[in-house]
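User: Before I use this model in any calculation, I would like to go through its pockets, its fold and its confidence, one question at a time.

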Amino acid sequence: YPGLSNYPQTENRERIRGIAKRVCFIDHRELEHQQKAWKAQTDTSKSNTYEAEMCAYTCRYLIQQGYKGSEITVLTTYLGQVVEINKQLGEVMRIPVHINERDLKDLTVGGIDVEVQNSSDQKRSANKKK
């Protein structure tokens, strides 16, 4: 992208507390896996427990640096990874996680079970509104 440039207002944003650089890449050898039981199985319905756990611990670290949970956004391209990150955040953070309406719809249409255990061993379903 030769013409790609940063939006001028992003240039003066403060650095992320506790992180040395604005961008970091992590190389690992843990493979993704697919759930064969999902109705709408596609190549994009993958998950990686190792990455989801690392994501959850990174979120916890950012909160320890003084950020609020509402200031942290996790993006993923795989619906299966949405489920796995939700599970890992619940286990590591022991707080409810917000899954946006579009992902909830896609998960429901795909027959993907988004029910997870929270810290008190009570089941909750991300696609049920309370």
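This is a predicted model: local features need pLDDT of at least 70, side-chain atom pairs count only at pLDDT 80 or more; totals for chains, interfaces and linings use all residues.

Analyst: A pocket here is an open set of grid points, on a 1 Å grid over the protein atoms alone, with protein on both sides within 12 Å along at least five of seven lines. A volume is the space filled by probe spheres set on those points.

User: Which helix gives the most to the lining of the second largest pocket?

Analyst: Both α1 and α2 supply at least two residues of this lining. The one that gives the most, with five residues, is α2.

User: How much space lies in the largest pocket, and which residues are the closest to its centre?

Analyst: The largest pocket holds about 1000 Å³ of space. Its lining is made up of 27 residues, and the closest to the centre are Cys24, Ile26, Cys55, Thr58 and Thr73.

User: Which helix gives the most to the lining of the largest pocket, and how does that lining divide by class?

Analyst: Helix α1, residues 49-64, and helix α2, residues 79-93, each supply at least two residues of the lining, and α1 gives the most, with seven residues. By class, the lining of the largest pocket has 18 nonpolar, five polar and four charged residues.

User: Is glutamine 88 buried or exposed, and which residues is it in contact with beyond four places in sequence?

Analyst: Glutamine 88 is found in helix α2, and its relative accessibility is 5%, so it counts as buried. Leaving aside its neighbours within four places in sequence, the residues in contact with glutamine 88 are Thr49, Ala52, Glu53, Ala56 and Met93.

User: For isoleucine 85, what are the contacts beyond four places in sequence, and what is the C-alpha distance to serine 47?

Analyst: Isoleucine 85 also lies in helix α2, and at 9% relative accessibility it counts as buried. Its contacts, leaving aside neighbours within four places in sequence, are with Ala52, Cys55, Val74 and Thr76. Serine 47 is 38 residues apart from isoleucine 85 in sequence, and the C-alpha atoms of the two are separated in space by 8.7 Å.

User: Where is leucine 104 placed, and how far apart are the C-alpha atoms of leucine 104 and valine 83?

Analyst: Leucine 104 has its place in helix α3, residues 101-109, and counts as buried at 11% relative accessibility. Valine 83 is 21 residues apart from leucine 104 along the chain, and their C-alpha atoms are separated by 9.9 Å.

User: What pattern does the chain follow along the sequence, and what percentage of its residues count as buried?

Analyst: The chain has three helices and four strands, which, read along the sequence, follow the pattern β-β-α-α-α-β-β. Among contacts between residues at least 6 apart in sequence, 55% join residues at least 24 apart. The accessible surface comes to about 10200 Å², of which 50% belongs to carbon and sulfur atoms. Of the 130 residues, the share that count as buried is 25%.

User: Which element has the lowest mean pLDDT, and over which residues does pLDDT stay under 50?

Analyst: The chain averages a pLDDT of 78, and 77% of the residues score at least 70. Among the elements, α1 has the highest mean pLDDT, at 94, whereas the lowest, at 41, belongs to strand β3, residues 115-117. One stretch where pLDDT stays under 50, with 15 contacts beyond four places in sequence in the model, is residues 116-124; another, with seven such contacts, is residues 126-130.

How values were computed:
Residues are numbered from 1 along each chain as its sequence is written. Side-chain values use heavy atoms; hydrogens and water are left out. On a 1 Å grid over the protein atoms alone, a cavity is a set of points where a 1.4 Å probe fits but cannot get out, and a pocket is an open set with protein on both sides within 12 Å along at least five of seven lines; lining residues have an atom within 4 Å of a point. Ala, Val, Leu, Ile, Met, Phe, Trp, Tyr, Cys and Pro count as nonpolar, Asp, Glu, Lys and Arg as charged, and the others, Gly among them, as polar. Buried means under 20% relative accessible area, exposed over 50%, partly exposed in between (1.4 Å probe, protein chains only). Contact means heavy atoms within 4.5 Å. Accessible areas come from the Shrake-Rupley method with a 1.4 Å probe; for residues, only the protein chains shown count as cover. pLDDT is the predictor's confidence in each residue, from 0 to 100.
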